[in-house]
Amino acid sequence: MDDALALSALVLALSGQLVQKVHEQVSRQGFEDLRPAHGFAFARISAGGATTADLAEHLGVTKQAAAQLVEELVRKGYVARQPHPRDARAKLLELTGKGRAAARAADEAARTAVAPWREALGEARFAELVSDLNRIAPRGPIRPSW
C-alpha cells in the first residue's frame, strides 16, 4: 500500500476510534441521549454565531436535516435559539447549561481517548503531530467558547 492510502486508512481508523471512545465516555457521564453527530454540531454551535444554515454547511447536510437536528437538541434541552441581531428570519444557536456540560464531558473524553497516543509518541512528537494536523486541517480547529 502506498503512503497516501496508508495515511487515509490510518486517519479514518483513528477518527472512528476517537469518535466511538468519546461517545462511550460521554454516555457514561449521563448524556445517553446524545449521538456522535450531536458532538459535531456542538463544536460548531460553541464557536458562536451559528445559525441552522451555518450548522448545515459545517456538517455537510441539507438545511432540512440540520433543522431536524437542531429541533432535537432544543427538545432535549442542549441548545437554545436566540434572535439574530442582523437577520430577523434567522435564529442564533447557543448551547444551554446542559449543552455546555455535555461539551465539557466530551472534551474530557477526548483528552482521555488521546492520552495513549500522547504516551506512545511522547510530548514533543505529540505536539508536532498536533501542529502538523492543524496545518493541513481544511478549516483549522474549532475553538469552543465555553
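1. Burial of F31 and Y78. In this predicted model, F31 and Y78 are both buried. For Y78 the relative accessibility is 1%, so the residue falls well within the buried class, whose limit is under 20%.

2. The F31–Y78 pair. The ring centres of F31 and Y78 are 6.2 Å apart and the ring planes meet at 55 degrees, so this pair is classed as tilted. F31 belongs to the loop between α1 (3-28) and α2 (36-46), while Y78 belongs to the loop between α4 (63-75) and β1 (79-83). The two residues are 47 apart in sequence, so the pair ties together separate parts of the chain.

3. The F42–Y78 pair. Here the centres of the rings of F42 and Y78 are 5.8 Å apart, with 50 degrees between the planes; this pair is therefore tilted as well.

4. The cluster as a unit. The structure contains 2 aromatic pairs. F31, F42 and Y78 make up one aromatic cluster.

5. A charge at Y78. Which residue places its charged end over the ring of Y78? It is K98, whose charged end is 4.5 Å from the centre of that ring. Helix α5 covers residues 97-121.

6. G39 in helix α2. G39 is located in helix α2. Its relative accessibility of 41% lies between the 20% and 50% limits, so G39 counts as partly exposed. Between G39 and R100 the separation is 61 residues in sequence, and their C-alpha atoms are 11 Å apart in space.

7. S46 in helix α2. S46 is also placed in helix α2. With a relative accessibility of 4%, S46 is buried. A polar atom of the S46 side chain lies 3.1 Å from the backbone oxygen of A43.

8. A113 and L18. A113 sits in helix α5. The relative accessible area of A113 is 7%, so A113 is counted as buried. A113 and L18 are 95 residues apart in sequence, but their C-alpha atoms are 6.4 Å apart in space.

9. The second largest pocket. What is the volume of the second largest pocket? The value is about 150 Å³. Its lining consists of T51, T52, A53, K63, R81, A90 and K91. By residue class, that lining divides into 3 charged, 2 polar and 2 nonpolar residues.

10. Overall architecture. The protein has 6 helices and 2 strands. Along the sequence these elements follow the pattern α-α-α-α-β-β-α-α. Taken along the principal axes, the C-alpha atoms fill a box of roughly 50 × 30 × 25 Å.

Definitions and conventions:
Residues numbered from 1 in each chain as written. Predicted model: local features only at pLDDT ≥ 70, side-chain atom pairs only at ≥ 80, totals over all residues. Heavy atoms only, no water. Phe/Tyr/Trp six-rings, centres within 6.5 Å; stacked < 30°, edge-to-face > 60°. Helix = DSSP H or I, 4+ residues; strand = E, 2+ residues; numbered from the N terminus. Buried < 20%, exposed > 50% of the residue type's maximum accessible area, 1.4 Å probe, protein only. Lys NZ or Arg CZ within 6 Å of the ring centre and 35° of its normal. 1 Å grid on protein atoms, 1.4 Å probe; cavity = no way out; pocket = protein on both sides within 12 Å on 5 of 7 lines; lining within 4 Å. Points joined across faces, edges and corners; volume = space filled by probe spheres on them. Nonpolar A, V, L, I, M, F, W, Y, C, P; charged D, E, K, R; others polar. Polar contact = N/O pair within 3.5 Å; in protein donor to acceptor, adjacent residues only side chain to side chain.
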